[in-house]
Amino acid sequence: SANVSSSANLSIIKGGATLNVEEVGGSKFYIYSGGSFTALRTTSNTPLQFGANYSSTDAMYIQTDGRVSIKASSLPQDFGGERGHLLISSTDNAGANNYGVLQVQGHSIANDVALGFIAFYDHSDEHGRIQVNRGDDSGRGEMIFSTRDGSSSAERMRIDRSGNVGIGTNNPAQPLHIRAATPSILFTDT
C-alpha cells in the first residue's frame with residue numbers, strides 16, 4: 001500500500017492482482033486480474049467514463065447496468081436496464097448537421113463473401129441478419145437480408161451491386177425481381 005497524496009489513495013495488493021484507486025470522499029474504482037477475467041470496475045453507483053487528452057468531454061460511458069454511450073453522457077431513449085443498449089452519438093452543434101456512425105470493417109480477398117453483418121439473436125438462435133458482401137474488387141457491394149423460418153436462417157432479399165432488388169432470388173435481373181412458386185404483388189386500397 002502506498003499513499004500518493006493526501007487526497008488520493010493508491011493501493012497495490014501483490015497476491016490479489018488488484019489495483020484500487022480512491023479519492024477521499026469520492027468514487028472508487030479498481031482493476032482486478034485473476035482467474036478467467038480482468039475487470040475495471042467502479043465500486044459506487046456511478047458510470048465508468050473514458051476520455052482523452054485530459055478533456056472534460058468524455059468519449060464513452062458505461063452505465064452501471066452495462067448500457068454504453070459513445071460521445072454522449074446520457075441515453076436519450078431509455079429502453080430499460082434489462083436491454084442491451086449501445087448509443088453512438090455526435091456533437092450537438094446548432095451550426096452543423098452531425099451524425100453518428102457505426103462502421104463495420106471487413107478485410108476480404110474474395111468476391112461474394114461477407115464484409116460484415118448485424119445478427120439478431122433470441123438466446124442462442126439467430127433469427128435475422130443484415131449482411132453486406134464484397135461484390136467484386138471494384139468496390140461494389142451487395143446487401144442481404146435474412147430471416148429464420150423456424151429451423152434455419154435463409155436469405156430473403158438482396159440488393160445487388162447494380163441496385164436491383166431480389167426477393168426469393170440472390171441474382172436479381174431487374175430493378176425488382178420476385179421469384180416464388182406463385183410470384184405476386186399485392187396492392188391494397190385503404
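A residue is called buried if its relative accessible area is under 20%, exposed if it is over 50%, and partly exposed in between (1.4 Å probe, protein chains only). This is a predicted model, in which local features need pLDDT of at least 70 and side-chain atom pairs count only at pLDDT 80 or more, while totals for chains, interfaces and linings use all residues. Residues are numbered from 1 along each chain as its sequence is written, and side-chain values use heavy atoms, with hydrogens and water left out.

**Salt bridges**
- Eight salt bridges are found in the whole structure, each being a side-chain nitrogen of Lys or Arg within 4 Å of a carboxyl oxygen of Asp or Glu.
- One of them joins Asp-136 to Arg-140 at 2.8 Å, N to O; Asp-136 is buried at 11% relative accessibility, whereas Arg-140 is partly exposed at 43%.
- Through shared partners, salt bridges link Asp-112, Asp-136, Arg-140, Glu-142, Glu-155, Arg-158 and Arg-161 into one network.

**Around Arg-129**
- Arg-129 forms a salt bridge with Glu-126 (2.9 Å, N to O), and Glu-126 counts as buried because its relative accessibility is 11%.
- Arg-129 also lies over the face of Phe-117, at 3.7 Å from the ring centre; for such a placement, CZ of Arg or NZ of Lys must be within 6 Å of the ring centre and within 35 degrees of the ring normal.

**Burial of Gln-131**
- Gln-131 counts as buried, with 13% relative accessibility.
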